[in-house]
Amino acid sequence: MSFFTDGPRGRPLFPVPEQELFGYNGRPWVETPREYIVPAILPWSMPLGRSERTIVALRGIEVWPESVSFQLSVYARDLLPGDPGEGLIGHRRVPDYHALLVGVLFPDGRRASSETISVPSAAKPDQPVLRARGLGGSAFHVDHEIFLWPLPPDGPLEFVVQWLDRDIEETRTSLDGTAIRDAAKEAAEIWPGLPAREAHGLPVRRVGAQAMITPAWPRESQAPPPLPQPQRPSSPPARPSAQATADQPRRGAPLPTRLPRRAR
């Protein structure tokens, strides 16, 4: 006897339009390629910073072909600030050095941190990119993902944590950058040979979290013609009669306090 005995269900009245996954856009510094790559997992678990009432811990590392993402959690004995869905690591234009800060230091001296805003760019950056996002949690435990591009070079990679509001001074933890680079070779591609997205000459513009295709701005030669301007009358308008002028209140004059009596 079959486990599924209800039989196939009917299609919904308003089905979702069918779509196919396009090929990878080839910009590994923007985000992790989760739709295209199965990452290699490094089960490294260790505290990165702690105080009497707070612990910042590493729960594991996902390694992609050209980037790495650190799974970081915050545990507290008292109420944590903010919304767990937004996380506790915020990229700000003016850094808050009393809040939770994370950063990395490469063996060759390059560095990246959550001190400032990290905006995805269309062109390949010349410096490392670090971006943090919240993954949810509770009032006493919040998960984060720390995205880092590119892969660290061989040698020790220092992961830096500081949270002065929680009495966590600057704490550096050394990670094996060579092991991270070796693990990247184990990341597997899911859908090899996917076709690239066809833009048909139209630029793709991202609006919020939704990408839409918009026509290119017209050149001067392709600009629409100007709107017709209203023509001035050939002769000056007729002046109102004296009676019409008398019936209208003068500018600045007080309004009448009594309405005219109705004619009998």
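**Exercise 1.** What is the order of the strands in the open sheet of four strands, and which kind of pairing do they have?

*Solution.* In this predicted model, the strands follow the order S7-S6-S10-S11, and their pairing is antiparallel. Reading the two ends of that order, one finds strand S7 (111-113) and strand S11 (168-176) at the edges, and because each has a single partner strand, one side of each is left without a neighbour in the sheet. From one strand to the next, the twist averages 15°.

**Exercise 2.** Determine how many bridges join strand S10 to S11, and which helix packs on the sheet there.

*Solution.* Begin with the pair itself: S10, which spans residues 156-163, runs antiparallel to S11 and is joined to that strand by seven bridges.

**Exercise 3.** Identify the residues with the most contacts inside the largest nonpolar core, and trace the surroundings of Phe159.

*Solution.* The largest nonpolar core has 36 residues, and those with the most contacts inside it are Ile61, Val63, Phe70, Leu72, Ile146 and Phe159. Strand S5 (residues 68-76) gives the most to this core, contributing five residues. Taking Phe159 next, and leaving aside neighbours within four places in sequence, its contacts include Leu48, Phe70, Leu72, Val102, Ile146, Thr171 and Leu175.

Terms used: Residues are numbered from 1 along each chain as its sequence is written. This is a predicted model: local features need pLDDT of at least 70, side-chain atom pairs count only at pLDDT 80 or more; totals for chains, interfaces and linings use all residues. Side-chain values use heavy atoms; hydrogens and water are left out. Two strands pair if DSSP finds at least two bridges between them. Axes are lines fitted to C-alpha atoms, for helices over the stretch in contact, and angles run from 0 to 180 degrees between N-to-C directions. Contact means heavy atoms within 4.5 Å. A nonpolar core is a set of buried Ala, Val, Leu, Ile, Met, Phe, Trp, Tyr and Cys residues joined through side-chain atoms within 4.5 Å. Buried means under 20% relative accessible area, exposed over 50%, partly exposed in between (1.4 Å probe, protein chains only).
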